[in-house]
Amino acid sequence: MLRPSASQCGGRPCIRGMRIRVQDILEILASGASNEEILAEYPYLELDDIKAALHYAAVQLDHPVLFVP
């Protein structure tokens, strides 16, 4: 579950109230790390946390685009 908190991570979305941001997970994935590598490096994370970060990113990109002539 993602939780934005003004007092934690500068108000940016983070994983389950921990001090790891969604952006951190996405950047690690973008660098080529596998889910297994991430989970080994961050044992307090779960596979569902990675999936939640990806889902959050997808939802943020899914917005209507209005074209003004």
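Biologist: Which side chain does Arg21 meet in a salt bridge?
Modeller: In this predicted model, Arg21 pairs with Asp24, at 2.7 Å from N to O.

Biologist: Is Arg21 buried or exposed?
Modeller: Arg21 is buried, with a relative accessible area of 19%. The cut-off for buried is under 20%.

Biologist: How many salt bridges are there in the structure?
Modeller: The structure holds 2. In one of them, Asp49 is paired with Arg16, and the closest N and O atoms are 2.9 Å apart.

Biologist: What does that pair tie together?
Modeller: Asp49 is in helix H3, residues 47-61, while Arg16 is in the loop between strand S2 (8-15) and H1, so the bridge links parts that are 33 residues apart in sequence.

Biologist: And Asp49, buried or exposed?
Modeller: Asp49 is buried, at a relative accessible area of 3%.

Biologist: Let's switch to the fold. What pattern does the chain follow?
Modeller: Along the sequence the pattern is β-β-α-α-α, with 3 helices and 2 strands in the protein chain.

Biologist: Which residues of H1 are buried?
Modeller: H1 covers residues 22-30, and Val22, Ile25, Ile28 and Leu29 are the buried ones. They sit on the same side of H1, because they cover an arc of only 130 degrees around its axis.

Biologist: Why would residues three or four places apart point the same way?
Modeller: An α-helix has 3.6 residues a turn, so residues at that spacing point the same way.

Biologist: What comes after H1?
Modeller: Gly32 follows H1, and its phi is positive, near 110 degrees.

Biologist: Now the core. Which residues are in the largest nonpolar one?
Modeller: That core has 11 residues: Ile15, Met18, Ile20, Val22, Ile25, Ile28, Leu29, Ile38, Leu45, Ile50 and Ala53. H1 and H3 are the elements that give two or more residues to it. H1 gives the most, with 4 residues.

Biologist: Take Ile25. What is it in contact with, leaving aside neighbours within four places in sequence?
Modeller: Ile25 is in contact with Ile15, Ile20, Ile38, Leu45, Ile50 and Ala53.

Biologist: What share of the whole chain counts as buried?
Modeller: 25% of the 69 residues. The accessible surface of the protein chain is about 5000 Å², and 57% of that belongs to carbon and sulfur atoms.

Biologist: And what share of the contacts comes from residues 24 or more positions apart?
Modeller: Such residues account for 32% of the contacts in the protein chain with a separation of 6 or more.

Terms used
Residues are numbered from 1 along each chain as its sequence is written. This is a predicted model: local features need pLDDT of at least 70, side-chain atom pairs count only at pLDDT 80 or more; totals for chains, interfaces and linings use all residues. Side-chain values use heavy atoms; hydrogens and water are left out. Buried means under 20% relative accessible area, exposed over 50%, partly exposed in between (1.4 Å probe, protein chains only). Contact means heavy atoms within 4.5 Å. Accessible areas come from the Shrake-Rupley method with a 1.4 Å probe; for residues, only the protein chains shown count as cover. The arc is that of the directions from the helix axis to the C-beta atoms. A salt bridge is a side-chain nitrogen of Lys or Arg within 4 Å of a carboxyl oxygen of Asp or Glu. A nonpolar core is a set of buried Ala, Val, Leu, Ile, Met, Phe, Trp, Tyr and Cys residues joined through side-chain atoms within 4.5 Å.
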